[in-house]
Amino acid sequence: MIDGFIALYIFMLAAFTGYEVISRVPVILHTPLMSGSNFVHGIVLVGAMVAMGRAHTPLETTIAFIGVVLAAGNAVGGYVVTERMLEMFKSSKGKR
Amino acid sequence: MPIIGANTLIQASYFIAAALFILGLKRMSSPVTARGGIVAAGIGMAVATLITLLSPDMGNYVLLTVAIAIGGGIAWLTGRRVAMTDMPQMIALYNGMGGGAAGAIAAVELFSSGAHGFAQLTLGVLGGVIGAVSFTGSLIAFAKLQGLIKRSVRFRGQNIVNLAILVLVVAHGALIVAHGGGTAPAIAALFGLALLLGLTMTLPIGGADMPVVISLYNALTGLAVAFEGFVLDNAAMIIAGTVVGSAGTLLTQLMAKAMNRGLGNVLFSGFGESAPAGAETGPAGSMKPIEVADVAVMLGFSEKVIVVPGYGMAVAQAQHKVWELCQALIARGVAVKFAIHPVAGRMPGHMNVLLAEAGVPYDLIYDEGEINAEFETADVALVIGANDVVNPSARNDKSSPIYGMPILNADKAKNVIVIKRGQGAGFSGIENALFYLDNTHMLYGDGQAKAAELVQAVKAL
């Protein structure tokens with residue numbers, strides 16, 4: 001479905017997007033942002049689930065099972081720690 | 001037949017997820033909107049995951065649920081409990097898990113011959129190798145920062161060994177691609193070598209350089225996820241992985257620059273914790289001790305105080321008391337600002353998280369570029385648990401190992417107070433010329449205890 005040059009275009013545009021989105025980030029947010037981007041690649045969970053669906057032999061199923069466990073850890077852990085860090089940032093003005 | 005097919009629904013959910021990830025990352029780049037950013041990205045993830053369950057070729061529902069419950073459950077518990085000071089290694093751990101998952105996907109596709117054609121096979125192998133390297137590399141980074149591995153393992157010719165393993169991995173991967181797939185032992189050997197490479201690459205790197213390494217592995221995991229996305233025809237993985245790959249690369253460069261370390265240096269020289277060579281003569285002058293009462297008077301009758309916190313403050317758990325002290329000063333009409341060096345804490349931005357935890361508003365916190373010019377107008381620079389980042393030798397002593405590193409100009413303030421446990425040199429073992437200046441006074445003792453005493457003394461003024 002996605003092949004050849006379409007895939008290349010997606011790759012190029014996404015690469016520039018990532019670069020631009022981060023390029024003006026203040027240093028104070030480096031750690032939470034790294035953690036946040038760490039969460040975003042937790043989308044690997046979706047791929048691990050698909051791989052699990054495709055697995056047939058016991059070996060493949062075992063590897064896919066480990067993959068899903070790890071991917072779920074990436075997604076959930078990434079979200080929890082990022083959210084914890086960011087909810088602490090507040091301004092001296094106003095209540096929020 | 002339903003109006004919208006399952007496949008269309010899945011593609012639509014991936015489209016929404018990709019858009020929310022980019023929006024989320026964008027919002028995370030400003031402190032005002034950052035909280036909403038992670039929530040947006042989280043919604044995208046939840047939508048994509050739930051809809052994928054509807055996928056026509058989904059199977060093994062029981063195993064799937066068990067796996068998600070185990071991985072997600074453990075991560076949720078550990079993520080909730082971890083102390084803010086230990087955040088860097090947790091990020092490394094979760095990142096390693098993502099890399100391992102990408103490796104697992106590649107392994108399943110290779111074993112089941114799911115990847116077809118030159119491009120898919122190449123990207124599948126490449127993503128799998130990168131994911132496996134990121135997996136073991138991140139685990140080592142975690143173990144080092146957690147204190148499970150105390151020493152860096154180094155031996156002569158280490159770079160050559162690493163290079164040899166790398167060449168082997170590449171050659172072996174190329175063979176598998178050329179044959180249009182591999183036998184089970186061949187595939188197992190490929191992943192074995194890649195996992196080994198992650199170990200041998202990361203073991204020699206010192207703890208101080210770990211943040212840069214973690215950031216690099218974060219970018220690599222993103223790339224691996226993107227490559228596996230090509231294999232699985234999954235646009236959400238391609239976009240999210242690529243965005244993280246490029247953003248992570250930029251973040252890695254920014255961090256390396258802030259730490260005054262070239263990326264090549266970090267990966268291949270293993271300086272991270274080596275003591276500086278040659279015992280040069282110490283700075284002239286002497287360190288002058290000062291008492292709490294005198295410091296309280298000095299602070300209480302200042303117009304402007306700049307606090308320079310370092311990781312030592314966080315280790316002493318003094319940030320709450322320091323903020324209490326600052327509140328007492330603000331109540332007296334003193335202007336208080338926090339100056340944060342990019343590498344204060346264990347990774348850039350870590351100190352901001354620790355201060356935020358203590359309740360310090362982010363608009364009182366300034367980074368080195370914003371505040372350096374202000375030290376000249378400050379009555380007192382209060383240095384707590386920071387050392388190398390305020391060492392003027394980085395500016396004017398060419399023989400110093402940290403020469404050229406951007407520092408906070410605390411020495412330019414009218415008075416400098418340094419709260420420090422003892423007289424010894426800091427984390428890097430480098431003598432600090434700041435401590436010997438005429439306008440510097442040393443308040444010896446535990447950061448938390450001294451800050452608490454200062455709070456009482458200032459309130460009593």
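Select A:Arg54 to begin: this residue is partly exposed, with a relative accessible area of 28%. Here "buried" stands for under 20% relative accessible area, "exposed" for over 50% and "partly exposed" for what lies in between, with a 1.4 Å probe and protein chains only. The structure is a predicted model, in which local features need pLDDT of at least 70 and side-chain atom pairs count only at pLDDT 80 or more, while totals for chains, interfaces and linings use all residues. Residues are numbered from 1 along each chain as its sequence is written, chains are lettered from A and ligands numbered from 1 in the order in which they are written, and side-chain values use heavy atoms, with hydrogens and water left out.

**First stop: a salt bridge between the chains**

A salt bridge is a side-chain nitrogen of Lys or Arg within 4 Å of a carboxyl oxygen of Asp or Glu. A:Arg54 belongs to helix H3 (residues 44-54) of chain A and B:Glu109 to helix H4 of chain B, so the pair joins two chains. Helices (H or I, at least four residues) and strands (E, at least two) are DSSP runs, numbered from the N terminus. B:Glu109 is buried, with a relative accessible area of 2%.

**Second stop: the whole interface**

Now colour the two chains separately. How many residues of chain B are in contact with chain A? There are 102, and they meet 77 residues of chain A, where contact means heavy atoms within 4.5 Å. The size of an interface is often given as the accessible area lost when the parts come together. Chain B and chain A bury about 8,200 Å² between them, 77% of it on carbon and sulfur atoms; this buried area is the accessible area (1.4 Å probe) that the two parts lose on being put together, summed over both.

Across this interface the rule finds 3 salt bridges. One to display is that of A:Glu83 with B:Arg80, whose closest N and O atoms are 3.9 Å apart. On the side of chain B that touches chain A, the elements giving two or more residues include helix H1 (6-27), helix H2 (34-52) and helix H4 (87-111) of chain B. The residues of that side divide into 66 nonpolar, 26 polar and 10 charged. In this division Ala, Val, Leu, Ile, Met, Phe, Trp, Tyr, Cys and Pro count as nonpolar, Asp, Glu, Lys and Arg as charged, and the others, Gly among them, as polar.

Select A:Ile43. Leaving aside its neighbours within four places in sequence, A:Ile43 is in contact with B:Phe21, B:Met45, B:Ala48, B:Val225, B:Ala236, B:Met237 and B:Ala240. A:Ile43 is also among the residues with the most contacts inside the largest nonpolar core, which has 178 residues. The largest share of this core, 15 residues, comes from H4(B). A nonpolar core is a set of buried Ala, Val, Leu, Ile, Met, Phe, Trp, Tyr and Cys residues joined through side-chain atoms within 4.5 Å.

Next, select helix H2 (residues 30-40) of chain A, which is mostly covered: 11 of its 11 residues are buried.

Chain B has 17 helices and 6 strands, and its C-alpha atoms fill a box of roughly 80 × 55 × 35 Å, taken along the principal axes. Buried residues make up 55% of its 461 residues.

Select B:Glu374 and B:Lys304, whose side chains meet in a salt bridge (2.8 Å, N to O). The pair links distant parts of the chain, 70 residues apart: B:Glu374 is in the loop between helix H15 (368-371) and strand E4 (380-384), and B:Lys304 is in strand E1 (residues 304-309). Are these two residues buried or exposed? Both B:Glu374 and B:Lys304 are buried.

Move to B:Asp411 and B:Arg395, another salt bridge, with the closest N and O atoms 2.6 Å apart. B:Asp411 is buried, at 14% relative accessible area, whereas B:Arg395 is partly exposed, at 32%.

**Last stop: single residues**

Select B:Asp233, in the loop between H8 and H9 of chain B. B:Asp233 has a positive phi of about 60° although it is not a glycine. B:Gln317 also has a positive phi, near 55°, in a residue other than glycine.

Finish at B:Thr440, in strand E6 (residues 440-444) of chain B. B:Thr440 is buried, with a relative accessible area of 0%.
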